[in-house]
Amino acid sequence: MIETEARHESKTRILDAALHVIRAKGYSATRIEDVCEEAGLTKGSFFHHFKGKEDLAMEAADYWGSCTSALFAAAAYHDLAKLPDPLDRLLAYIDLRKALIQGDLPDFTCLVGTMVQETYDTHPAIREACNRSISSHAATLVPDIEEAMRRHGVQGGWTAESLALYTQATIQGAFILAKAKHNSAIASECIDHLRRYIELLFTPPHAENPLPR
């Protein structure tokens with residue numbers, strides 16, 4: 001039992017290290033040696049758990065999804081008592097994404113967004129793992145968007161699913177700009193625009209002063 005727990009702990013350390021190293025260096029530049037050094041473990045320990053770097057990347061994508069899912073599942077924007085309007089819950093989600101932009105670029109940028117840019121054509125298995133992570137997170141927003149559309153009488157040539165994916169496209173694009181400019185402020189500004197856009201989508205055409213901010 002102790003040996004099994006030790007193996008599990010070492011695998012988790014490698015996965016945590018991979019999240020940090022890949023977000024800092026990118027998938028292509030990351031070496032197994034870099035991950036082992038970050039984890040404080042040997043290559044022997046690495047190959048006990050993973051067949052190679054691609055196998056690590058696929059498991060890291062799923063691990064990232066599990067970690068972030070837990071964070072968002074516990075977030076305050078799910079509080080129906082405080083936020084009975086689903087639109088307010090959606091906007092609170094956007095506010096949380098902005099609040100998470102802290103520290104250096106590798107601290108807040110997305111692992112799967114980073115990897116898929118490099119691997120979408122050359123490593124289809126990694127691409128699918130990244131897609132699974134991004135799309136499953138977007139799907140968690142769909143119920144609130146659908147309810148907001150009903151409550152606010154919004155109809156149009158778009159679906160709740162498409163808006164949920166659009167939020168992720170905007171956030172991932174914000175991270176890319178932050179990297180290009182080496183400045184996290186642009187990411188925050190992009191998310192502010194995303195919030196304004198969603199407010200406009202749910203604002204009746206005749207409403208006055210639709211944007212209070």
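This is a predicted model: local features need pLDDT of at least 70, side-chain atom pairs count only at pLDDT 80 or more; totals for chains, interfaces and linings use all residues.
The protein contains 11 helices and 0 strands. The C-alpha trace extends over about 65 × 40 × 30 Å along its principal axes. Of the 213 residues in the protein, 43% are buried.

In soluble globular proteins, nonpolar side chains tend to be buried together. In the present model, the largest nonpolar core comprises 59 residues. Leu56, Met115, Ile145, Ile198 and Phe202 have the most contacts inside this core. When residues up to four places away in sequence are not counted, Leu56 touches Ile14, Leu15 and Ala18, together with Val35, Phe46 and Phe50.

The largest pocket has a volume of about 520 Å³. Several helices give two or more residues to its lining, namely α1 (2-25), α4 (53-73), α6 (105-108), α8 (124-139) and α10 (160-181). The greatest contribution is that of α4, which supplies 9 residues. In total, 28 residues line the pocket, and those nearest its centre are Trp64, Thr68, Phe72, Arg97 and Cys110. By residue class, the lining consists of 14 nonpolar, 9 polar and 5 charged residues.

The cysteines were examined for covalent links. A disulfide is a covalent bond between the sulfur atoms of two cysteines. With a cut-off of 2.5 Å between the sulfur atoms, the count comes to 0 disulfides. Cys67 is in no disulfide, and the nearest cysteine sulfur, belonging to Cys110, is 12 Å away. Cys67 is partly exposed, its relative accessible area being 35%. For Cys130, the closest cysteine sulfur is likewise found in Cys110, at 8.0 Å, and this distance is too far for a bond. Cys130 is classed as buried because its relative accessibility is 0%, below the 20% limit for that class. Cys110 thus provides the nearest cysteine sulfur to Cys67 and the closest one to Cys130, and Cys110 is also one of the residues nearest the centre of the largest pocket.

Note on methods: Residues are numbered from 1 along each chain as its sequence is written. Side-chain values use heavy atoms; hydrogens and water are left out. A nonpolar core is a set of buried Ala, Val, Leu, Ile, Met, Phe, Trp, Tyr and Cys residues joined through side-chain atoms within 4.5 Å. Buried means under 20% relative accessible area, exposed over 50%, partly exposed in between (1.4 Å probe, protein chains only). Contact means heavy atoms within 4.5 Å. On a 1 Å grid over the protein atoms alone, a cavity is a set of points where a 1.4 Å probe fits but cannot get out, and a pocket is an open set with protein on both sides within 12 Å along at least five of seven lines; lining residues have an atom within 4 Å of a point. Grid points are joined across faces, edges and corners, and a volume is the space filled by probe spheres set on the points. Helices (H or I, at least four residues) and strands (E, at least two) are DSSP runs, numbered from the N terminus. Ala, Val, Leu, Ile, Met, Phe, Trp, Tyr, Cys and Pro count as nonpolar, Asp, Glu, Lys and Arg as charged, and the others, Gly among them, as polar.
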